[in-house]
Amino acid sequence: MQIDGKKIIMGIWDTAGTERYDAMCKIYYRGAKAAIICYDITMPDTFQKAKYWIRELRDIEEDCKVYICATKKDILEHGAVPCPEIDVVERYAASIQAKLFLTSSKTGENVAELFNEIAEDFMSDPRNVQKVEEAIEISNQSKRTNCCK
């Protein structure tokens, strides 16, 4: 993806949110610049689980930007009720300096916006821009070898 004329590549890992993989998840947290933590917009237990994963993440990588992703937004249009209420989730997100996105995997609503926001936030940090520029410079160097002459 390109932001401000600079090409960035995102590495995405889906840890499935199960405690069975808890030890492995912690490996992926190290050095993470962003994390998307998802929950089902109509199931309060999944929101509680999302809060658990955010605490786990912040214990290891406290500067990682968190994006809370409320999934299944499309079913709200068919009479489903968000639980907890969206304003509760918004207050929680604000309290931990996270951003909230209501998304639908079924319709794709707000999915691209979520990833664009992550990329823009990443590139808004001058330290990250420097790393991207260094990576571009390294990859553009010629790959000459002296073997087989």
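Predicted model: local features only at pLDDT ≥ 70, side-chain atom pairs only at ≥ 80, totals over all residues.
A residue is called buried when its relative accessible area is under 20%. Helix α4 covers residues 111–123 and contains 13 residues. The span from its first C-alpha to its last is 19 Å, close to the 18 Å expected at 1.5 Å a residue. An α-helix has 3.6 residues a turn, so residues three or four places apart point the same way.

In the protein as a whole, 32% of the 149 residues are buried. The protein has five helices and five strands, and along the sequence these elements follow the pattern β-β-α-β-α-β-α-β-α-α. Among the contacts with a separation of 6 or more, 74% are between residues 24 or more positions apart.

Three of the strands form an open sheet in the order β3-β4-β5, with parallel pairing. Strands β3 (34–40) and β5 (99–102) stand at the edges with a single partner strand each, so one side of each has no neighbour in the sheet. Direction ignored, neighbouring strands of this sheet are turned by 25° against each other on average. Strands of a sheet pair through backbone hydrogen bonds, either parallel or antiparallel.

The pairing of β3 with β4 is parallel and extends over seven bridges; in this pairing, D40 has T71 of β4 as its bridge partner. Strand β4 (residues 65–71) is joined to β5 by four bridges, and these two strands also run parallel. Here the bridge partner of Y67 is K99 in β5. Six of the seven residues of β4 are buried, so this strand is largely enclosed by the rest of the structure.

Helix α3 lies across β3, β4 and β5 and runs at about 150° to β5. Helix α4 also lies across β3, β4 and β5, running at about 175° to β4.

The aromatic side chains were examined next. A pair of aromatic rings is described by the distance of the centres and the angle of the planes. Rings are counted as a pair if their centres lie within 6.5 Å, and by this rule there are three aromatic pairs. In one of them, F47 and Y92 lie 5.7 Å apart, centre to centre, with 85° between the planes. Planes over 60 degrees apart count as edge-to-face, and the pair of F47 and Y92 is therefore assigned to this class. F47 belongs to helix α2 (residues 44–60) and Y92 to helix α3 (residues 86–95), so that the pair links parts of the chain 45 residues apart. Both F47 and Y92 are buried. Ring pairs join these two residues and Y39 into a cluster.

Two lysine side chains are also placed over tyrosine rings. The charged end of K51 sits over the ring of Y92, 5.2 Å from the ring centre. The charged end of K49 sits over the ring of Y52, at 4.8 Å from the centre of that ring.

A further position concerns the loop between α1 (22–29) and β3, where G31 is found. The relative accessibility of G31 is 49%, which means that G31 counts as partly exposed. In sequence, G31 and C64 are 33 residues apart, while their C-alpha atoms are 8.0 Å apart in space.

Methods. Residues numbered from 1 in each chain as written. Heavy atoms only, no water. Phe/Tyr/Trp six-rings, centres within 6.5 Å; stacked < 30°, edge-to-face > 60°. Buried < 20%, exposed > 50% of the residue type's maximum accessible area, 1.4 Å probe, protein only. Lys NZ or Arg CZ within 6 Å of the ring centre and 35° of its normal. Pairing = 2+ DSSP bridges. Axes fitted to C-alpha atoms, helices over the stretch in contact; angles between N-to-C directions. Contact = heavy atoms within 4.5 Å. Expected span 1.5 Å × (residues − 1).
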